[in-house]
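Please study the sequence and the structure shown below.

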Amino acid sequence: MSSEPVVVDGVLHLTIATAAAGTSLDFDLINAGTAALRSLGDEVGAILITGAGANFCAGGNVRHFAGADDRGAFLHELATQLHDFVRALTAAPVPVVAAVHGWAAGAGMSLVCAADIAIGGPSTQMRPAYPGIGFTPDGGMSWSLPRIVGAARAREILLTDAVIGAEQAERLGLLSRIVPDEEIRTEALRVATGFTTGPRAAYTAMKKLLAQSPTATLDQQLDAERDSIAAAANSSTGREGVDAFVAKRKPDYRGVN
């Protein structure tokens, strides 16, 4: 399959790194992915992020950093492009699934943190990698990591440049589950494809609730949940779900989302 963004059976496939340059972040693909995310059509019911090569993503291309005339300006531009991608990915109204094979380091780890569901294998490893070259995080890691693992654990992971194996990543919530290495892509695609025939409007509303919860009070979140479930009950998606349950049949969400 091409490394360029492509929609197959309702799943938008986004490749973020290839075997070239040691599976470092490919900004041609990142920028193409941003464009694809900003123009999502109704045919897209899920997003799959993966790497092509031995790793999910080994982080930024440090050799390119070293060769820049003005390293600060160069990194500012790369971070801007990456953050445009992260913003578009986070704003996507459909579930985001990451197939995390091999290493997810630096920005690669940041993108794992940005996914809704991350599937890894026994050989999956993560590492912030920024302290090793005297850099600070990008890709939203300083925001997302504390929300996934807690503030104290995030400080330890970032400051010590911890290498996190698959089992620890699963315990911390960085990985949703572990499958055999040779099944990572297949399982991630299966999960993503499953969302395409589900209640898409409900998934969108769930993502909205989850996104606002960190800064909402309990009272605010309860009100938001009340309003959301009431809106769902009157939506075509909600009506189909309830009617199917009562009729003891499988709901058919095609054409109602």
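**Exercise 1: A surface patch**

Val62, Ile133 and Phe135 make a nonpolar surface patch of about 220 Å². The model on which these exercises rest is a predicted one.

Task: Determine where Ile133 lies and whether Ile133 is buried, partly exposed or exposed.

Solution. Step one is to locate the residue: Ile133 belongs to the loop between strand S7 (125-127) and helix H5 (141-149). Step two is to read its relative accessible area, which is 37%. Step three is to apply the cut-offs: buried means under 20% and exposed means over 50%. Ile133 is therefore partly exposed.

**Exercise 2: The order of the sheet**

Task: State the order of the strands in the open sheet of 6 strands, and identify which strands stand at the edges.

Solution. The order is S1-S2-S3-S4-S6-S9, and the pairing is mixed. Strand S1 (6-8) and strand S9 (177-178) stand at the edges; each has a single partner strand, so one side of each lacks a neighbour in the sheet.

The pairings can then be followed through the sheet. Strand S2 (residues 11-15) and S3 run parallel and are joined by 5 bridges, with Thr15 opposite Thr50 in S3. Strand S3 (residues 46-50) is in turn joined to S4 by 3 bridges, again in parallel; here Ile47 has Val96 in S4 as its bridge partner. Finally, 4 bridges pair S4 with strand S6 (residues 117-120) in the parallel sense, and Val97 has Ile117 in S6 as its bridge partner.

**Exercise 3: The nonpolar cores**

Task: Describe the largest nonpolar core and name the helix that gives the most to this core.

Solution. The largest nonpolar core has 49 residues, and Ile47 is one of those with the most contacts inside it. Helix H3 (residues 71-91) gives the most to this core, with 7 residues. Another core, of 14 residues, lies apart from it and includes Leu48 and Ala99. Beyond its neighbours within four places in sequence, Ile47 is in contact with residues including Val11, Leu89 and Val96.

Technical notes:
Residues are numbered from 1 along each chain as its sequence is written. This is a predicted model: local features need pLDDT of at least 70, side-chain atom pairs count only at pLDDT 80 or more; totals for chains, interfaces and linings use all residues. Side-chain values use heavy atoms; hydrogens and water are left out. Two strands pair if DSSP finds at least two bridges between them. Helices (H or I, at least four residues) and strands (E, at least two) are DSSP runs, numbered from the N terminus. A nonpolar core is a set of buried Ala, Val, Leu, Ile, Met, Phe, Trp, Tyr and Cys residues joined through side-chain atoms within 4.5 Å. Buried means under 20% relative accessible area, exposed over 50%, partly exposed in between (1.4 Å probe, protein chains only). Contact means heavy atoms within 4.5 Å. Patches are made of residues with over 30% relative accessible area and no salt bridge: like charges are joined within 9 Å, nonpolar side chains (Val, Leu, Ile, Met, Phe, Trp, Tyr) within 5 Å. Accessible areas come from the Shrake-Rupley method with a 1.4 Å probe; for residues, only the protein chains shown count as cover. A salt bridge is a side-chain nitrogen of Lys or Arg within 4 Å of a carboxyl oxygen of Asp or Glu.
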